[in-house]
Amino acid sequence: MTLQERMRELRKERKETQRQVADAIGVTDRQYQRFETGVNLPGFENLVGIADHFGVSLDYLAGRSDRREL
């Protein structure tokens, strides 16, 4: 599973909008949309923010592991 697929899956599990996640991690909703569609890749700080927001490890978020735990 790709980073973008994980981000979308996690967001939908929590029934959040892209805007809600963007606000939570401190980026614009357009910037988050670009992360989720793969137009732009999030930088390290944004990756950490996304992982923290969803309560998952960076490895899980990046698709390197199927273990969600931190």
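## Arg at position 6

R6 counts as buried, because its relative accessibility is 5% and the cut-off for buried is under 20%. The model is predicted. R6 belongs to helix α1.

Setting aside neighbours within four places in sequence, R6 contacts M1, Y60, L61, G63, S65 and D66. With Y60 the geometry is specific: R6 lies over the face of the ring, 3.9 Å from the ring centre.

## Nonpolar core

The largest nonpolar core has 15 residues. Those touching the most other members are M7, Y32, I50, F54, V56 and L61. Five helices each supply at least two residues of this core: α1 (3-13), α2 (18-25), α3 (29-37), α4 (44-54) and α5 (58-61).

F54 has contacts beyond its neighbours within four places in sequence. Its partners there are M7, L10, R11, R14, E16, V21 and Y32. M7 and Y32 are, like F54, among the core residues that touch the most other members. L61, another of these core residues, is also a contact of R6.

## Packing of α3 on α4

The axes of α3 and α4 come within 13 Å and cross at roughly 85°. From α3, the contact uses Q31, Y32 and F35. From α4, the residues are N46, I50 and F54.

## Aromatic rings

The structure holds zero aromatic pairs. Y32 and F54 are in contact, yet the count of aromatic pairs stays at zero.

Key: Residues numbered from 1 in each chain as written. Predicted model: local features only at pLDDT ≥ 70, side-chain atom pairs only at ≥ 80, totals over all residues. Heavy atoms only, no water. Core = buried A, V, L, I, M, F, W, Y, C linked by side-chain atoms within 4.5 Å. Buried < 20%, exposed > 50% of the residue type's maximum accessible area, 1.4 Å probe, protein only. Helix = DSSP H or I, 4+ residues; strand = E, 2+ residues; numbered from the N terminus. Contact = heavy atoms within 4.5 Å. Phe/Tyr/Trp six-rings, centres within 6.5 Å; stacked < 30°, edge-to-face > 60°. Lys NZ or Arg CZ within 6 Å of the ring centre and 35° of its normal. Axes fitted to C-alpha atoms, helices over the stretch in contact; angles between N-to-C directions.
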